[in-house]
Amino acid sequence: MSKPLPQRIEKGTIVIDATNHVVGRLASAVAKILRDNRNVNVVVVNIDKALILGSRKMVVNWYMRKISLWRTHYNPEKVGPKIPRRPDRIFKRIVRGMLPYKQKEGRYALKRLRVFMSTPPDLGGELYYIPEALIRPKPLYKAVTLEELWRHIDPKAWNKWKEAQMLSEKIKSTTK
């Protein structure tokens with residue numbers, strides 16, 4: 001069971017469970033932790049269950065348009081900004097945008113961030129959540145998980161990941 005993030009953080013590793021968190025709010029809280037505390041490493045798990053607010057159609061179309069802007073007649077090889085497609089890389093890019101990553105302290109802060117799409121088995125410690133980043137349930141709230149966004153943007157990679165997840169679950173069930 002996860003518990004709220006403590007007010008004061010001295011040093012060590014903080015493991016944050018991103019389930020039911022709004023991506024932008026979570027990213028700003030993580031960026032603030034990384035900026036303010038030089039002795040703290042942040043690990044974010046289950047980022048594929050984090051939410052982007054808005055209807056599925058609007059969010060997917062916005063992201064697809066962002067990707068397709070670089071696929072033009074003048075730029076057929078897509079040489080330009082690489083737009084991330086996987087949930088962990090999308091989140092890390094969002095946090096990077098909130099840090100001064102072109103300066104030394106920003107690069108150092110970004111190196112102290114680890115993002116995973118599920119919970120690694122060797123990861124120890126307590127899971128925390130950020131109360132101000134949790135979604136507040138309201139009627140007719142529309143949201144898209146980062147996994148759904150990835151499934152619509154890059155279906156081949158998503159299918160490979162899903163097959164690997166099912167295979168690992170099958171292996172876990174047979175070894176027990």
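1. Two helices, α2 (56-68) and α3 (87-97), each supply at least two residues of the lining of the second largest pocket, where helices (H or I, at least four residues) and strands (E, at least two) are DSSP runs numbered from the N terminus. The lining is made up of Ile-52, Trp-62, Tyr-63, Lys-66, Ile-83, Pro-84, Ile-90, Arg-93, Ile-94 and Leu-149. A pocket here is an open set of points on a 1 Å grid over the protein atoms alone, where a 1.4 Å probe fits, with protein on both sides within 12 Å along at least five of seven lines, and lining residues have an atom within 4 Å of a point.

2. The model is a predicted one, so that local features need pLDDT of at least 70 and side-chain atom pairs count only at pLDDT 80 or more, while totals for chains, interfaces and linings use all residues. Residues are numbered from 1 along each chain as its sequence is written, and side-chain values use heavy atoms, with hydrogens and water left out.

3. As to confidence, the protein averages a pLDDT of 84, and 91% of the residues score at least 70; pLDDT is the predictor's confidence in each residue, from 0 to 100.

4. To return to the second largest pocket, about 180 Å³ of space lies within it, the volume being the space filled by probe spheres set on grid points that are joined across faces, edges and corners. Its lining residues divide into 8 nonpolar, no polar and 2 charged, with Ala, Val, Leu, Ile, Met, Phe, Trp, Tyr, Cys and Pro counted as nonpolar, Asp, Glu, Lys and Arg as charged, and the others, Gly among them, as polar.

5. The whole structure holds 2 aromatic pairs, a pair being rings of Phe, Tyr or Trp (its six-membered ring) whose centres lie within 6.5 Å, with planes under 30 degrees apart called stacked, over 60 edge-to-face and the rest tilted. One of the pairs joins Trp-150 and Trp-161, and it is tilted because the ring centres are 5.4 Å apart and the planes stand at 55 degrees. Since Trp-150 belongs to helix α5 (residues 146-153) and Trp-161 to helix α6 (residues 155-175), the pair ties together parts that are 11 residues apart in sequence.

6. Trp-150 is buried, at a relative accessible area of 2%, and Trp-161 also counts as buried, at 15%; buried means under 20%, exposed over 50% and partly exposed in between (1.4 Å probe, protein chains only). Trp-150 and Pro-87 are 63 residues apart in sequence, yet their C-alpha atoms are 6.7 Å apart in space.

7. Two loop asparagines deserve a look at the backbone. Asn-20, in the loop between β2 (12-17) and α1 (23-36), has a positive phi of about 60 degrees although it is not a glycine, and at 43% relative accessibility it counts as partly exposed. Asn-46, in the loop between β3 (40-45) and β4 (51-53), likewise has a positive phi of about 60 degrees, but Asn-46 is buried, with a relative accessible area of 10%.
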